[in-house]
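Subject: Structure handover and findings

Hello,

Here is the structure I promised to pass on. My notes follow below it.

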Amino acid sequence: YSWSFGDGGTGSGASPAHVYASPGDFTAAVTVTDDSGQTVTASVPVTVVAGGSAPVTWTNRIGASVSGEVLQKTEPAGWGNGGASSLQQLSAGDGFLQLPVGDAAAIHMVGLGTDDRTADYREIAYGLHLTGGVLYVYEKGVARGSFGPVVASDRLAVFVRDGAVRYALNGRVVYVSGTPP
């Protein structure tokens, strides 16, 4: 296995680790050579968002506990019976929300928005919805599509860059919103 990460970085082996030094759009490629010298190359676009984070303060908590910045649902499995809001703002125009999938079989909805009156999912302007191990994008309660299966180790992100809201699975943009932030 020979890897090129699109930023000048390279790697070898089946699962190399790589950290991008700056945000941007890159193309990661891997070339695999078999024992007879035959090769095949595959590539995938990668979007890297700016790092750093701000402390989260949770408000409007319903059926959930808070420990530090971690929100944990305490109600039984089900839809709409647990959650909270945060009044964090994207002060510079660009920013993101990123999280691990965790329990891929559970039902989760998280995202960015400006409404904070109720616990209704339609107040989430740009949302990621996980149910049954599948990722969906919702905007103000409207389904925008299904974007593949997820597993516990996957990472999700909703981010604003260059005036557009983007949704990513493991650093790869899966949907760009047509609704400006």
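In which sense do β11 and β12 pair, and over how many bridges? They pair in the antiparallel sense, over five bridges. Strands here are DSSP runs of E with at least two residues, numbered from the N terminus. Two strands pair if DSSP finds at least two bridges between them.

First, the ground rules. This is a predicted model, in which local features need pLDDT of at least 70, side-chain atom pairs count only at pLDDT 80 or more, and totals for chains, interfaces and linings use all residues. Residues are numbered from 1 along each chain as its sequence is written, and side-chain values use heavy atoms, with hydrogens and water left out.

**Sheets**

β11 and β12 belong to an open sheet of four strands. Its order is β10-β11-β12-β13, with antiparallel pairing. β10 (108-112) and β13 (142-149) are the edge strands, each pairing on one side only. Neighbouring strands of this sheet are turned by 20° against each other on average, direction ignored. The angles are taken between axes, which are lines fitted to C-alpha atoms, and run from 0 to 180 degrees between N-to-C directions. Leu130 has Leu135 in β12 as its bridge partner.

Another open sheet of four strands has the order β2-β1-β3-β4. Its pairing is antiparallel too. The edges are β2 (10-12) and β4, and each pairs on one side only. The twist averages 20° from one strand to the next. β1 (residues 2-4) pairs with β2 over three bridges, in the antiparallel sense. Ser4 has Thr10 in β2 as its bridge partner. β3 and β4 (residues 39-48) run antiparallel and are joined by 10 bridges. Their hairpin has five residues between the strands, and Gly37 takes a positive phi near 90° there.

**Cores**

The largest nonpolar core has 17 residues. Such a core is a set of buried Ala, Val, Leu, Ile, Met, Phe, Trp, Tyr and Cys residues joined through side-chain atoms within 4.5 Å. Buried means under 20% relative accessible area, exposed over 50%, and partly exposed in between (1.4 Å probe, protein chains only). Tyr126, Leu128, Leu135, Leu156, Val158 and Tyr167 have the most contacts inside this core. β11 (126-131), β12 (134-139), β14 (155-161) and β15 (164-169) each supply at least two of its residues. Apart from it lies another core, of six residues, including Phe5, Tyr20, Ala28 and Val46.

Leu156 touches residues that include Leu97, Leu99, Val101, Leu128, Leu135 and Leu169. That list leaves out residues up to four places away in sequence, and contact means heavy atoms within 4.5 Å.

Phe26 lies in β3. Phe26 is buried, at 14% relative accessibility. Its contacts, not counting residues up to four places away in sequence, are Phe5, Gly6, Asp7, Tyr20, Val44, Pro45, Val46 and Val48.

**Salt bridges**

How many salt bridges are there? The count is two. The rule is a side-chain nitrogen of Lys or Arg within 4 Å of a carboxyl oxygen of Asp or Glu.

Arg161 pairs with Asp25, with the closest N and O atoms 3.0 Å apart. Arg161 lies in β14 and Asp25 in β3 (residues 24-33), so the pair ties together parts that are 136 residues apart in sequence. Arg161 is buried at 13%, whereas Asp25 is exposed at 55%. Asp25 also stands opposite Thr47 in β4.

Arg144 forms a salt bridge with Glu139, at 3.1 Å between the closest N and O atoms. Arg144 is partly exposed at 35%. Glu139 is buried at 3%.

**Aromatic pairs**

The whole structure holds three aromatic pairs. Rings of Phe, Tyr and Trp (its six-membered ring) pair if their centres lie within 6.5 Å; planes under 30 degrees apart count as stacked, over 60 as edge-to-face and the rest as tilted. Trp3 and Phe5 are stacked, at 6.0 Å centre to centre and 10° between the planes. Phe5 is buried at 6%. Tyr167 and Tyr175 have ring centres 5.7 Å apart and planes at 50°, so this pair is tilted. Tyr167 is buried at 0%. Ring pairs link Phe147, Tyr167 and Tyr175 into a cluster.

Best regards
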